[in-house]
Amino acid sequence: MENKKTIIITGTRKGIGRYLSEFYLKKGFNVIGCSRRDTDLKDEHYEHFCLDVSDEKLVKKMIFSVSKRYKKIDYLINNAGIASMNHSLLTPLSSVEKMFKTNVFGTFIFCRETAKIMTKNNFGRIVNFSTVGVPFRLEGEAIYTASKAAVEMLTKVLAKEFAFKNITVNAVGPTPAKTDLIRNIPESKINKLLERQAINALSTNEDITNVIEFFINDKSSMVTGQTIYLGGIS
Amino acid sequence: MKRQQIIEILFRTMKDNIVSQDITITEESNLLGDSSPLDSMGLVNFLVDVESVFQEEGYETQLTSEKAMSKRQSPFRSISTLADFIEEQIIEIDENGK
């Protein structure tokens, strides 16, 4: 068990989180996932924690338990996120709080607690999730993009703070992907958005995984504090 | 946990975090400033290690809590003040039955 790579992925019940869990299980990793609700993913090398990523106490407990069991954490993928498309004039503060709690606070708590374990091993790779909505300054997504802009800045600063222990922190910014996050957005709106990209296509799980694979590669030790957007957006 | 045990853990963790083993660590050893054997990143490492050693021993300590940051006098001044702060915390955790 000690020689296997250990990866923590947040938000693994469905979507890209679920895909990534299965992808890294196939690669022979120990995969530790979490989501608010339970999962039907069963594998002897998969362990699931039911929690809200912004619940500091539960996250601390989870990371402690993971470090005891697996002795080290090699990779963290902060995938858990929520979106809510709404004009800012119609956005209740409770939505703002919810989005920041999951997208920003959750990402921060996982980065902090996991990095504490990674420092002992002098190695770690952290990948956060942003969105092309940030460079697009996407109207109708003021709070979602603001929360992801915060994630990008967190990524840049943590990259500096964790570098002394060979921990890299990067972010991937997918274009819209076929997930629950865009479930309620009209197709015409999505198409308009895709037209603004150099490559007018939705992201696939494979596209996102490809960037993550690049970030967590052993050879990517000089790559940190970066956000890579899909679709040719800069 | 008794104060003496807390001090012993802090001594042990401090020794693991300083390069020169010739330095004598006492309760009055400074953790901050020029006279501290730790530089700023050394202090961060030390505090992270302290948290994790107590966790291993079955105690939760919130060294990075708002309470720690907002104290008029930093609990991170010396081994002794840190031990006081940890002692307060452990008592609080026990009182809540956690």
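1. pLDDT is the predictor's confidence in each residue, on a scale from 0 to 100. This is a predicted model, in which local features need pLDDT of at least 70 and side-chain atom pairs count only at pLDDT 80 or more, while totals for chains, interfaces and linings use all residues. Residues are numbered from 1 along each chain as its sequence is written, and chains are lettered from A and ligands numbered from 1 in the order in which they are written.

2. Confidence in chain B. The mean pLDDT of chain B is 84, and 92% of its residues score at least 70. Helices here are DSSP runs of H or I with at least four residues, strands are runs of E with at least two, and both are numbered from the N terminus. Among the elements of chain B, helix α1 (residues 3–17) has the highest mean pLDDT (92) and helix α4 (residues 79–95) the lowest (77). Over residues 92–98 of chain B pLDDT stays under 50. Where pLDDT is low, the predicted coordinates should not be read in detail.

3. The two chains together. For the complex the predictor gives an ipTM of 0.76 and a pTM of 0.89. Two residues are in contact if their C-beta atoms, placed from the backbone, lie within 7 Å. By that rule, 5 residues of chain B are in contact with 4 residues of chain A. On the side of chain B that touches chain A there are 2 nonpolar, 3 polar and no charged residues. The classes are nonpolar (Ala, Val, Leu, Ile, Met, Phe, Trp, Tyr, Cys and Pro), charged (Asp, Glu, Lys and Arg) and polar (the others, Gly among them).

4. A:Gly33. This residue lies in strand β2 (residues 30–35) of chain A. Is A:Gly33 buried or exposed? A:Gly33 is buried, because 25 other C-beta atoms lie within 10 Å; the cut-offs are 20 or more for buried, 12 or fewer for exposed, and partly exposed in between, with C-beta atoms placed from the backbone. Apart from neighbours within four places in sequence, the contacts of A:Gly33 include A:Ile9, A:Gly17, A:Tyr46 and A:His48.

5. Helices α2 and α3 of chain A. The axes of α2(A) (residues 56–70) and α3(A) (residues 93–121) come within 10 Å and cross at roughly 25°. Axes are lines fitted to C-alpha atoms, for helices over the stretch in contact, and angles run from 0 to 180 degrees between N-to-C directions. α2(A) and α3(A) are therefore roughly parallel; angles under 35 degrees count as roughly parallel, over 145 as roughly antiparallel, 65 to 115 as roughly perpendicular and the rest as oblique. The residues in this contact include A:Val59 and A:Ile63 of α2(A) and A:Phe110 and A:Ile117 of α3(A). The contact of α2(A) with α3(A) has 5 nonpolar, 2 polar and 3 charged residues.

6. Helices α1 and α7 of chain A. The axes of α1(A) (residues 15–26) and α7(A) (residues 205–216) come within 10 Å and cross at roughly 60°, so α1(A) and α7(A) are oblique to each other. A:Ile16, A:Tyr19, A:Leu20 and A:Phe23 of α1(A) meet A:Asn205, A:Ile208 and A:Thr209 of α7(A). This contact of α1(A) with α7(A) has 5 nonpolar, 2 polar and no charged residues.

7. Helices α1 and α2 of chain B. α1(B) packs against α2(B) (residues 40–56) at an angle of about 135°, with the axes 10 Å apart. α1(B) and α2(B) are therefore oblique to each other.
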